Amino acid sequence: MGFLDKVEKSIEGAVNGVFARAFRGEVEPVEIAGRLQRELDSEAQILTRDKKLVPNDFTISLSSHDYEHLVPYTKTLNAEIVPALRDHATERRYVFNGPIHIRYELDDTLPTGRFEVRSGSVSGEESESTAVRRTPLVLEVNGVRHPLLPPGLVIGRGSEADLRINDPGISRRHAQVHVWQKGEGVGVSIEDLGSTNGITVDGVKVTSTELRDGSRIEIGSTRMLVHSPSGM
């Protein structure tokens with residue numbers, strides 16, 4: 001079974017459901033998966049007779065229309081594409097220099113239905129530091145900075161949360177932080193996911209609100225700060 005066959009099979013349910021509703025006539029998930037597979041093949045560099053080094057860091061540029069429709073689903077999409085890329089690499093005896101990272105960015109010059117891919121081979125440490133350098137805002141929680149990258153993250157106490165916080169006042173899925181491209185920076189907002197104790201931003205109880213540099217968030221007994229790393 002080829003790479004695209006595997007990808008189509010693995011995301012078939014999603015494409016027929018939520019993806020299908022979101023991508024009629026636009027960039028489709030399987031197109032991105034196929035393009036990344038071809039990127040591995042075209043950029044493979046010989047290390048030894050039996051091994052080739054391939055990119056592990058990808059940036060996908062999308063039109064404003066496709067970006068708006070795709071960003072809410074990137075976490076689900078990447079969860080299907082990354083294992084498929086690993087399988088393809090194993091079959092071809094490709095090796096990665098670090099974890100696979102797939103990012104999405106807005107390019108106003110692209111028409112709807114078109115996208116571009118940039119790739120590189122970076123170590124895990126390089127990839128993480130690059131993400132932090134490119135991020136104009138971070139969410140600081142208990143002294144740890146979390147880069148605010150599209151499409152955002154879920155805060156909660158449960159295992160399904162992206163940012164897990166061990167605080168009894170926090171629900172399992174407490175809040176969603178939405179992040180989207182906004183000019184050369186990002187826009188950020190927070191939304192209550194039906195939590196028990198709610199969200200307070202800058203001293204005001206909210207169900208959803210846009211965040212900015214300096215916004216202070218209280219969830220349960222945990223305090224968080226949105227800020228620019230360069231401003232510290």
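The mean pLDDT of the protein is 81, and 81% of its residues reach 70 or more. In residues 11-23, however, the pLDDT is below 50, and in the model this stretch has 18 contacts beyond near neighbours in sequence. Where pLDDT is low, the predicted coordinates should not be read in detail.

The protein has six helices and 17 strands. Of its 232 residues, 44% are buried. Among contacts with a separation of 6 or more, 59% are between residues 24 or more positions apart.

In what order do its three strands lie? The order is β5-β3-β6, in an open sheet with mixed pairing. At the edges are β5, residues 101-106, and β6, residues 115-120, each of which pairs on one side only. On average, neighbouring strands of this sheet are turned by 20 degrees against each other, direction ignored.

Strand β3, residues 57-62, pairs with β6 in the antiparallel sense over six bridges. Within these strands, Leu62 stands opposite Phe115 of β6.

Finally, the helices. Helix α3, residues 29-43, packs on the sheet and touches β3, β5 and β6; its direction makes about 40 degrees with that of β6. Helix α5, residues 74-92, also packs on the sheet, touching β3 and β5, and its direction makes about 140 degrees with that of β5.

Technical notes:
Residues are numbered from 1 along each chain as its sequence is written. This is a predicted model: local features need pLDDT of at least 70, side-chain atom pairs count only at pLDDT 80 or more; totals for chains, interfaces and linings use all residues. Side-chain values use heavy atoms; hydrogens and water are left out. Helices (H or I, at least four residues) and strands (E, at least two) are DSSP runs, numbered from the N terminus. Buried means under 20% relative accessible area, exposed over 50%, partly exposed in between (1.4 Å probe, protein chains only). Contact means heavy atoms within 4.5 Å. pLDDT is the predictor's confidence in each residue, from 0 to 100. Two strands pair if DSSP finds at least two bridges between them. Axes are lines fitted to C-alpha atoms, for helices over the stretch in contact, and angles run from 0 to 180 degrees between N-to-C directions.
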